[in-house]
Amino acid sequence: MNQLAQLLSTDARPSRPPMARLTRATLGMTAPQARVPGFGAGPLRPGILHLGCGSFHRAHQALLTQRAVEWEHSAARRLQRSEPPAWGIVAASLVTRKTIDALAAQDGLYTLLERGPERTHATVVGSICELVYAPDRPEFLKRVFADPAIRVVTLTITVAGYCADAANRLDATLASVQHDLHVQPSTAIGLLVQGLRKRWIDGAAPPVILSCDNLPANGRLLRQMCLDFAALHGEDRLASWIATHVQFPCTVVDRIVPVTSAADRMDASASLGLIDTVPVCAEPFYQWVIERFDGARPRWDAAGAEYVSNVEPWEASKLRLLNGGHLAIASLGKMAGCATVADAMAVPGISAFALRFMLDEQKPTLPASDHDIDAYARQLLARWRSRGVVHQLDRVARGASTKLPGRLLASLRDNLCAGRPAPCTVLAVAAWMCCVAGRDDAGQPVSLVDAMCAELKRQAADAVNDPVQLVALMLAQPRIFGDDLPRDSGLRRSLQEAVAMLQQQGVRGAVAACMAGLLP
Ligand code: CS2
């Protein structure tokens, strides 16, 4: 029996009463060192629908919503105003039911462990007021969407959830999109259009749709996907209503949120004095930059979010330095046999490599702004090196083929066009290719969860020792490399050299060669 199961078990410690489960009824029993929602134990009235109830949402938007609502409640008390607006979150999961069921057993409550280098703070988050596993309750989800009380719909559905093709249009060749169009909606895009259609028919105001995924121009992309879906469904008038009336602000979200481990579950339960089977943990840092929009919204700004007129400078530095850096570190780190980001950062040469990648190759591709990119890059090194959170490389590398275009290849293109060499980026892309081929420096298998490239992995395994064939196979994937990069013979050669260097010298040797200017 594992430790948590022992805590849950009634007969494991007969002399002590078993620990109770975290619920709204037991919230008052929480140990004093844990913060609890400042608005009391009862569920908030719904105001937000969230699609994609993963740990990132729970460590980020759900926490900031809690803080915003706490702020609104205390302002209302201070000013002796009536009850503040309702901003409870109806959290829907579209693909997995496990977390939803576990959260439902805790009335939507869970612990957020914020792990700094020295201390961990535990906060019970209570902003989720209802939970739904969408495939089980499609009618309920429709009713929630149609409810005018829902003024904002937020999304964290991962890059793949947008169903976009290489040209950033809805990929109608996907089976999920075909199913949505001809049977019934189950993707986020299909569900959004279904919900918006109902508001349109009802003559009701639409909610604001807020993408919180790490994608370039995430709001504009989401809008395009919805317009394409409505058009493909033969609903041009709906598409034009969406185009005119629905706001899709762009956002930039940032917080490192590792996979919750058994130790986190034990820690959360120990700091609460109550069993919590679904805590989340995160680094202390968080950032949320939101393009200004009209209409009601929670006071997320009082909780640390920023409303700005143009998110582009934040977006570019976040995607290219943080997420691009992460992907580079994950690909090299996995090849070096490391398990976590902090482990990879400890491999000789990787820290200096990461800094050069950010300052020499990513920074020149960023739009002009007054952001201090050098300070940002150094702060990132500290965040990546921190052993406060255990951030698994497997998680960063998950779905890498969908992350590569926005995080590494966009800047590579910019650098190629400007005639600037980008050896660190080339080495990072080569390391990803070697990961797909499936053997690390020690000849051990590399695990890479990437639903979009299962077939590619099978083919790459045959090319594991042949740089020319491996690079050719990879570049022949237009979904990842478009049709311009494969035509660049200089890039092809650079990638072949980098792959060969990784195969002969391993990650340490290849990174050293790159830093010494020996890789193109
Ligand atoms: C990571 C991100 O897994 C990944 O792709 O780069 O999840 C990263 O941790 C977050 O964007 C940090 O805000």
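Three cavities of 30 Å³ or more occur in the structure. A cavity is a set of points, on a 1 Å grid over the protein atoms alone, where a 1.4 Å probe fits but cannot get out. Grid points are joined across faces, edges and corners, and a volume is the space filled by probe spheres set on the points. The model is predicted: local features need pLDDT of at least 70, side-chain atom pairs count only at pLDDT 80 or more, and totals for chains, interfaces and linings use all residues. Residues are numbered from 1 along each chain as its sequence is written, and side-chain values use heavy atoms, with hydrogens and water left out.

The largest cavity has a volume of about 50 Å³. Lining residues have an atom within 4 Å of a point. For the largest cavity they are Ile-256, Thr-340, Val-341, Ala-342, Arg-383, Trp-384, Ser-386, Val-389, Val-390 and His-391. Helices H12 (341-345) and H14 (373-385) each supply at least two residues of this lining. Helices (H or I, at least four residues) and strands (E, at least two) are DSSP runs, numbered from the N terminus. By class, six lining residues are nonpolar, three polar and one charged. Here Ala, Val, Leu, Ile, Met, Phe, Trp, Tyr, Cys and Pro count as nonpolar, Asp, Glu, Lys and Arg as charged, and the others, Gly among them, as polar.

The second largest cavity has a volume of about 40 Å³. Its lining consists of Leu-51, Leu-141, Lys-142, Phe-145, Leu-191, Leu-192 and Gln-194. Five lining residues are nonpolar, one is polar and one is charged.

A pocket is an open set of points with protein on both sides within 12 Å along at least five of seven lines. Residues that line this pocket include Leu-94, Glu-139, Leu-141, Lys-142, Leu-191 and Gln-194. Helices H5 (138-146) and H7 (188-202) are the elements that give two or more residues to the lining. The largest share, four residues, comes from H5. The pocket lining has seven nonpolar, three polar and two charged residues.

Glu-139 and Lys-142 also meet in a salt bridge (3.3 Å, N to O). A salt bridge is a side-chain nitrogen of Lys or Arg within 4 Å of a carboxyl oxygen of Asp or Glu. The two residues are three apart in H5, so about one helical turn separates them. Glu-139 is partly exposed at 47% relative accessible area, and Lys-142 is partly exposed at 36%. Buried means under 20% relative accessible area, exposed over 50%, and partly exposed in between (1.4 Å probe, protein chains only).

The salt bridge count comes to 21. Arg-169 pairs with Asp-228, with the closest N and O atoms 2.8 Å apart. Arg-169 lies in the loop between strand S6 (152-155) and helix H6 (175-182), and Asp-228 in helix H8 (residues 218-232), so the pair ties together parts 59 residues apart in sequence. Arg-169 is partly exposed at 41%, whereas Asp-228 is buried at 9%. Asp-101 bridges to Arg-97 at 3.2 Å. Arg-67, Glu-114 and Arg-255 are linked in a network of salt bridges.

The disulfide count is zero, a disulfide being a pair of cysteine sulfur atoms within 2.5 Å. The sulfur of Cys-226 is 10 Å from the closest cysteine sulfur, in Cys-163, too far for a bond. Cys-226 is buried at 0% relative accessible area.
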